[in-house]
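Welcome! Have a look at it first.

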Amino acid sequence: MPSKMVVDRQRREKALRGLLKKHRGKTVEGVVERLAPYADEDVDLAAGVDGLLGALARLLAEHSDELIRADERNAAGLDRLDELRRERDEAARELRRAFVEVRNTLAMMYGREAGDRFLGIRGDSPRAHDPRRLMLQVDATVDRLRGPDRKLPPKTRVALPMTEEEIRGLPETWSRSLETALTALQEAIDRIAEGEKQIEATRQDKDVKMELHDTELSAIANLQESLLILGRKPEAVRIIWKKQRPVGRPAHRKKRRRAATTKPTTSERAPEKERAPEKGVSPEEVSSREVAKS
């Protein structure tokens, strides 16, 4: 489903296309009647104006479709980014589970303090929702487990159904397990970074198309008004002014007049000596901004 901003622009574009179609005949008739005496004899002025209006209508339809496609690409990118974030969270939980399992096994074998000292860590294991800190601690742990002098003591606090050889091989087994989970999390984070770059590119493409669409809508509305003014069709010009006022145009004249006559509040009123023109300056020389707020 298109986003609200795109839907708003579609509505405005649809309204303008309707106005072009509704007043197409009046526009052609008025322009031809006004300019025919000044055109060359071999020029089909009516066909030229009619063809221009038809091309503008098709241009609007095509650019509206481009805006929809850009919006869909942006939405698909956001959905993909959400999926990548879920994969990252799952990888972070798996890494923490493997890390806690190693710590708990060492605590069972030698005690919590001795186990943490062996791994070179302090405090609780970072939570999965803090993947960067978790990765730093696991990475440091893997380095210690793979160190040449990191060998487990031969005696443990509890009897284990393992041979001495298997116990001595535990650091290597743990380091491989942690490194596998660590690599999976790093890959998920890298995919998110790439997805964010793509999202930024699609968002910029969408913003550019929306800005161009707004500009073209305003330009075509202005052109339609100009052609109708040239053809002396003031009633049609007023309809377009009301229904399709381009971006940046002031509000209706009545609204501006009503806003100008609204009394300012007490806090907005300036002292009398500030509102009066400077001595020696005629009222005609005072700018509109100095006279009053509109």
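Helix α3 covers residues 45-110 and helix α7 residues 170-230; they pack at an angle of about 165°, with their axes 7 Å apart. Here axes are lines fitted to C-alpha atoms, for helices over the stretch in contact, and angles run from 0 to 180 degrees between N-to-C directions. α3 and α7 are therefore roughly antiparallel to each other (angles over 145 degrees count as roughly antiparallel, under 35 as roughly parallel, 65 to 115 as roughly perpendicular and the rest as oblique). In the contact of α3 with α7, the residues divide into 34 nonpolar, 10 polar and 13 charged. Ala, Val, Leu, Ile, Met, Phe, Trp, Tyr, Cys and Pro count as nonpolar, Asp, Glu, Lys and Arg as charged, and the others, Gly among them, as polar.

A word on the source: this is a predicted model, in which local features need pLDDT of at least 70 and side-chain atom pairs count only at pLDDT 80 or more, while totals for chains, interfaces and linings use all residues. Residues are numbered from 1 along each chain as its sequence is written, and side-chain values use heavy atoms, with hydrogens and water left out. Helices (H or I, at least four residues) and strands (E, at least two) are DSSP runs, numbered from the N terminus.

Now turn to helix α5, residues 131-145. Which of its residues are buried? In α5 they are P131, L134, M135, Q137, V138, T141, V142 and L145, where buried means under 20% relative accessible area, exposed over 50% and partly exposed in between (1.4 Å probe, protein chains only). These buried residues of α5 pack against α3, α4 (112-119) and α7.

The axes of α5 and α7 come within 9 Å and cross at roughly 150°. That makes α5 roughly antiparallel to α7. The residues of this contact of α5 with α7 divide into 11 nonpolar, 3 polar and 3 charged.

Finally, meet two aspartates. D116 has its place in helix α4 and is buried, with a relative accessible area of 11%. Leaving aside residues up to four places away in sequence, D116 touches R103 and I121 (contact means heavy atoms within 4.5 Å). D65 is found in helix α3 and is partly exposed, at a relative accessible area of 42%.

Key:
The expected span of a helix is 1.5 Å times one less than its number of residues.
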